[in-house]
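Biologist: I have a new model open and want a quick tour. Can you walk me through it?

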Amino acid sequence: MIGLLTSAVSLERLRTLGVAAAGTLVAWVLGLPLPFLFGPLGACLVTAMAGMRLRAFGQVSIAARTILGVAVGASITPSLIGTLPQMAASVALIPLYIAVIALVGVPFFHRVCGFDKATAWYAAMPGGLQDMVIFGTEAGGDPRALSLIHATRVLVVVSIAPLILTFGMGASLSSPMGPPARDLPVNEIALMALAALVGWKGGERVGLFGASILGPMIMTAALSLSGLIHTRPPAEAILFAQFMIGISIGVGYVGITFAEFRKDVLAGIAFVLVLAALATFFTEIVVIFGLAPPMEGFLAFAPGGQAEMTVLAIVAGADLGYVIVHHLLRMFLVITCAPLAAKFLYSLAKK
């Protein structure tokens with residue numbers, strides 16, 4: 001029995017790999033932006049919604065995210081540290097940004113869309129997909145609805161943001177992701193690989209939120225600040241990370257029913273429109289007051305996933321440090337404060 005299950009899982013993953021590779025090739029031939037992200041994403045999304053059984057790659061997908069953590073950490077240099085005080089004013093807007101999202105989002109999901117209170121609360125929170133599903137399930141929410149809503153949020157943001165960057169801000173999305181592996185010193189590649197592994201697993205051991213990204217980021221930042229590494233991971237590694245992220249988003253829709261699409265996915269799409277309006281408002285604030293250029297402001301407040309926004313910041317040639325500082329604070333506040341706020345509000349409602 002175990003052997004049959006293992007064979008079925010292996011077959012589904014081979015099928016997923018084939019679909020993703022074909023999507024990447026088509027996107028590459030057509031000259032679409034970010035073919036290693038949107039190729040597998042689009043192909044897996046379409047085939048999953050058509051009923052094909054696909055499967056994510058588990059620990060391999062998580063390991064791919066460590067590459068982005070290393071890329072962010074390598075961008076934390078002494079010069080970036082010196083600019084942190086200049087970010088203070090825009091960073092201070094993040095708690096207000098989250099509060100406004102909650103005030104608008106929770107009633108939207110509960111009263112307009114008809115979700116229970118626990119599901120509505122965690123559906124509205126702009127945190128990581130896995131974290132919000134776990135917290136929401138523990139609070140009595142619907143894990144499938146939460147998964148589809150957050151997957152849709154990430155999907156729509158990742159799909160639209162490049163268009164805004166390209167047509168609205170003139171970005172080419174062709175900035176170098178990193179040097180090819182052959183041009184990097186072997187000792188620096190080894191140090192980055194070690195930082196990725198130790199940061200990831202060490203972060204998980206101590207309960208660090210977003211350990212697959214934040215752990216490697218911390219380790220690599222220490223190496224960068226100490227002068228032991230001087231560049232990002234190889235371009236090939238970042239392309240691999242894009243490929244695995246695309247698969248992860250696409251296979252999130254495996255087994256979706258029409259009823260789930262009508263309620264959960266459409267609610268997620270509608271909420272993204274609300275988030276887009278709020279993100280635009282806060283972006284305008286930081287741009288008008290000279291706190292950031294338009295591209296950095298947009299990417300810092302875009303309500304996408306941390307990994308996806310890292311990729312876009314890299315290929316757009318944006319100030320990666322500025323963008324990631326804002327997303328890290330958003331993720332930290334949501335993950336640490338959302339469960340506490342939910343318990344507090346629930347206790348008030350019982351009185």
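**A walk through the model**

Modeller: Start with helix α13, residues 294-301, which is mostly covered: 7 of its 8 residues are buried. Buried means under 20% relative accessible area, exposed means over 50%, and partly exposed lies in between, with a 1.4 Å probe and protein chains only. Helices (H or I, at least four residues) and strands (E, at least two) are DSSP runs, numbered from the N terminus.

Biologist: Which residues of α13 are buried?

Modeller: They are M295, E296, G297, F298, L299, A300 and F301.

Biologist: What should I know about the source and the numbering?

Modeller: This is a predicted model: local features need pLDDT of at least 70, side-chain atom pairs count only at pLDDT 80 or more, and totals for chains, interfaces and linings use all residues. Residues are numbered from 1 along each chain as its sequence is written, and side-chain values use heavy atoms, with hydrogens and water left out.

Biologist: OK, zoom out. How many helices and strands are there?

Modeller: The protein chain has 15 helices and 0 strands.

Biologist: What radius of gyration does the chain have?

Modeller: The protein chain has 20 Å, which agrees with the value near 20 Å for a compact globule of 351 residues. That radius is taken over C-alpha atoms, and the globule rule is 2.2 Å times the number of residues to the power 0.38. The C-alpha atoms fill a box of roughly 60 × 55 × 45 Å along the principal axes.

Biologist: And how much of the chain is buried?

Modeller: Of the 351 residues, 50% count as buried.

Biologist: Let's switch to α3. How far does that helix reach?

Modeller: Helix α3 covers residues 59-74, which makes 16 residues. From first C-alpha to last, α3 reaches 23 Å, close to the 22 Å expected at 1.5 Å a residue. The expected span is 1.5 Å times one less than the number of residues. Among the buried residues of α3 are S61, A64, I67 and G73.

Biologist: Tell me about I67. Why does I67 count as buried?

Modeller: Because its relative accessible area is 15%. Leaving aside neighbours within four places in sequence, I67 is in contact with P233, A237, I238, F240 and A241. The C-alpha atoms of I67 and V106 are separated by 34 Å, and the two residues are 39 apart along the chain.

Biologist: Next, E308. Where is it, and is it buried or exposed?

Modeller: E308 is in helix α14, residues 306-316. At 4% relative accessibility, E308 is buried. E308 touches R65, V154, V158, I245 and I249, not counting residues up to four places away in sequence.

Biologist: And T47?

Modeller: T47 lies in helix α2, residues 35-49. T47 is buried too, with a relative accessible area of 18%. Beyond four places in sequence, T47 is in contact with V19, M52 and L54.

Biologist: Last topic: backbone angles. What is the phi of L34?

Modeller: L34 has a positive phi of about 50 degrees although it is not a glycine. L34 sits in the loop between α1 (2-30) and α2, and is buried at 7% relative accessible area.

Biologist: What about L173?

Modeller: L173, also not a glycine, has a positive phi near 55 degrees. L173 is in the loop between α8 (143-168) and α9 (186-205). Its relative accessible area is 11%, so L173 is buried.

Methods:
Contact means heavy atoms within 4.5 Å.
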